[in-house]
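I opened my notebook today to look around a protein model.

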Amino acid sequence: MTDQTPVPPPPPPPPATAPPVPTAAAPAGPPPPPPPAPPTADGSRGRGGNTGKKVVVGVIAAAIILGGGYGAYAVYDKLDGGGPQPHDVLPASTDAYLRLDLDPSAGQKVDLFQLIQEFPEVAEEIGLKDEDQDIRELVFGQILASECDDVDYDKDVEPWLGDRVGVGFEVEDERFVIAVQTTDEGKSREGIKKLFACSDDTYGIAYLDGYAILAPEQSDVDGAVSAAKKSTLGDEKDFTQDFEQLGNQGVASGWVDLKAIAKIPELADAAGEQAAELAKAGTVATTLRVDGSTLELAVLGGPEQKGKKVTALTKLPADTVAALSVSGGGDAVTENFEQLTEELDGLGGMTGLTSPPAIDTPPAAVTPVEPVDPVAPVDPDGTPRPDDLGGLPDDFPFDTTPDDSTAQGFIDEFEQATGLQLPEDLATLFGDNLTLAIGAANLEKIPTLSGPEGLSGLDIALSLTSDKTAALDLVERIAQLGTDAGLTLVTAPTDDGAVLATNQDAADAIADPQGELGDEDVFKSVIPGGDDTYGGFYLNIGAILDKLLQADPPKDVREFIDEAKALSAVGVSVSEKDGRTMTSLRIAFDTDE
């Protein structure tokens with residue numbers, strides 16, 4: 001069946017005043033790119049045009065943003081729980097997929113409502129008053145009120161709108177379709193017709209297993225439905241295995257076949273060799289979900305982790321409030337350093353930049369820059385542009401005179417100035433693992449610190465898991481460079497490398513920790529993988545804010561800190577799951593505050 005009616009332009013979402021939510025996890029491999037713009041009515045891929053699909057896409061995008069703000073993340077016991085999912089009505093040939101659920105279970109609503117109440121101003125702004133509210137009405141109602149005066153949510157949308165929406169894109173057929181769950185086909189037909197009557201464009205529509213299938217052209221709809229009746233995305237082995245490994249889905253989930261996406265002509269032309277690297281990543285699955293008082297963005301996919309597995313984060317001192325850990329970096333430096341220098345030379349090398357002078361020598365004067373032409377252009381408001389300000393100061397530490405420098409030339413000068421050797425010392429630095437850790441001691445004194453010497457009162461340590469002899473030699477040389485700059489640093493050997501720290505206590509705590517971070521409940525709330533974690537990032541927001549409050553900050557700062565204490569901790573972790581890389585970004589909320 002086909003309806004050809006006008007379509008509205010995409011309405012803007014309501015003001016984004018939601019609490020902080022993760023925008024993206026930093027996956028170990030290339031992140032899944034968005035699908036290219038679908039064809040317009042004339043077959044082009046232009047950015048303009050008020051096509052029918054844009055209304056629904058605009059609503060979906062707003063729903064995702066707002067749903068994320070509300071914390072509407074439902075968890076399902078299995079992939080196909082709760083009836084047909086959008087992937088059950090989209091073709092098996094779908095290469096990029098996005099799913100959204102706007103009706104979390106009753107138990108989830110209670111937990112999520114408690115989270116959003118940690119931000120009362122936000123809850124009031126979006127109109128969220130209790131856990132029984134219909135999130136669909138909050139999302140769609142506000143959009144319709146501002147963009148479609150002739151469409152009433154209660155009368156024209158609520159009677160037929162289901163809980164799930166899915167978007168699928170196929171590279172080969174350049175087909176972009178949307179699956180909207182419906183509870184009443186007849187009412188949905190009329191409601192969708194009114195939605196698309198906000199503007200003058202056409203759309204195609206058909207129904208399959210409780211979903212309205214929509215696309216800019218009826219031929220796209222018919223082709224998608226015909227293909228889905230033969231085999232759906234939910235039948236695909238890669239798709240189902242990815243979500244089995246990823247675990248429970250939240251209200252939003254997505255899946256991309258990067259091998260197919262890399263074949264898009266525009267992307268292949270723009271990315272060049274990087275497109276081939278993208279294809280090697282295979283498939284990527286992602287989900288947003290809730291775990292008690294913690295929000296999580298999980299991504300499964302990307303290249304396998306290489307090198308020795310090191311569980312550095314869990315072994316840090318128990319009072320660590322911030323940490324960053326990277327594994328396998330030493331091998332990556334050794335393998336890619338030569339290629340990196342060649343690529344820099346291919347981009348023009350290091351022309352125009354030479355290394356700074358050695359730390360223990362004053363900067364050399366540079367050739368004065370000739371005055372600029374007095375008739376050089378300025379900005380419309382009359383403000384001189386940066387290149388019209390008469391050049392750089394005479395004591396600028398970099399020589400900006402263009403020359404024939406190469407990347408290797410820059411490296412040679414850097415080595416001469418610092419005594420460090422590249423790439424050997426860089427490979428030793430990263431080794432099997434490199435971890436930066438900051439302890440809780442004396443953080444309340446940060447507002448009063450001055451000069452490099454003030455850092456000695458803070459517990460900051462850099463731990464190298466690397467060749468023990470080479471690591472200790474390297475940190476001792478770095479410590480000497482610090483001394484030359486007025487910064488006292490302490491070095492010490494460890495069982496598996498060496499440590500460089502701002503004071504002896506910090507060094508000793510790394511070498512022989514009395515209590516481990518991996519045993520702390522706050523840490524486990526955002527880094528649940530424990531010893532299975534290769535590396536990542538940890539920030540104990542609550543502990544840091546408590547310390548800053550001890551500094552007796554001004555009233556406005558104190559009020560800001562009190563509000564921010566609704567956030568407990570943030571963690572990003574990279575681990576292995578069934579031979580694949582799992583990257584997780586988790587934000588824990590303090591619901592006891």
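My entries below go from the inside of the model to its surface and then to its backbone.

**Entry 1: the cores**

I kept in mind that this is a predicted model. I began with the nonpolar side chains, since in soluble globular proteins these tend to be buried together. The largest nonpolar core here has 52 residues, and Ile192 and Leu214 touch the most other members. I then looked up which element gives the most to this core, and found strand 2 (residues 161-170), with four residues. There is also a second, separate core of 23 residues. Among its members I noted Tyr97, Ile213, Ala215 and Ala298.

**Entry 2: salt bridges**

How many salt bridges are there? I noted a count of 16.

I picked a few to visit. The side chains of Arg189 and Glu185 meet in one, at 3.4 Å from N to O. Both residues sit in helix 6 (residues 185-195), and because they are four residues apart, about one helical turn separates them. Are these two partners buried or exposed? Arg189 is buried, with a relative accessible area of 15%, because buried means under 20%. Glu185 is at 38% and counts as partly exposed.

Next I went to Lys524 and Asp521, whose side chains form a salt bridge at 3.8 Å, N to O. They lie in helix 17 (residues 521-526), three residues apart, so about one helical turn separates them. Lys524 is partly exposed at 41% relative accessibility. Asp521 reaches 60% and counts as exposed, because the cut-off for exposed is over 50%.

Asp552 is exposed, with a relative accessible area of 59%, while Arg558 is partly exposed at 30%. I also found Arg99, Asp101 and Arg164 joined into one network by salt bridges that share partners.

**Entry 3: patches on the surface**

Leu324, Val326, Leu436 and Phe537 make a nonpolar surface patch of about 290 Å². I followed Val326 and found it in strand 9 (residues 320-327). Its relative accessible area is 36%, so Val326 is partly exposed.

Which residues gather in a patch of negative charge? I wrote down Glu273, Glu338, Glu342, Glu343 and Asp345. Helix 12 (residues 329-346) gives the largest share of this negative patch, four residues. Glu343 lies in helix 12 and counts as partly exposed, at 41% relative accessibility.

I then looked for exceptions.

Leu422 and Pro423 are joined by a cis peptide bond, with omega about 5°. I found Pro423 in the loop between helix 13 (407-418) and helix 14 (424-430).

Glu174 has a positive phi, near 50°. This residue lies in the loop between strand 2 and strand 3 (175-182), and Glu174 is partly exposed at 35% relative accessibility.

Where does Asp552 lie? I placed it in the loop between helix 18 (541-549) and helix 19 (555-564).

Note on methods
Residues are numbered from 1 along each chain as its sequence is written. This is a predicted model: local features need pLDDT of at least 70, side-chain atom pairs count only at pLDDT 80 or more; totals for chains, interfaces and linings use all residues. Side-chain values use heavy atoms; hydrogens and water are left out. Patches are made of residues with over 30% relative accessible area and no salt bridge: like charges are joined within 9 Å, nonpolar side chains (Val, Leu, Ile, Met, Phe, Trp, Tyr) within 5 Å. Accessible areas come from the Shrake-Rupley method with a 1.4 Å probe; for residues, only the protein chains shown count as cover. A salt bridge is a side-chain nitrogen of Lys or Arg within 4 Å of a carboxyl oxygen of Asp or Glu. Helices (H or I, at least four residues) and strands (E, at least two) are DSSP runs, numbered from the N terminus. Buried means under 20% relative accessible area, exposed over 50%, partly exposed in between (1.4 Å probe, protein chains only). A nonpolar core is a set of buried Ala, Val, Leu, Ile, Met, Phe, Trp, Tyr and Cys residues joined through side-chain atoms within 4.5 Å. Lys and Arg count as positive and Asp and Glu as negative; His and the chain ends are not counted. The place of a charge is taken as NZ of Lys, CZ of Arg, CG of Asp or CD of Glu.
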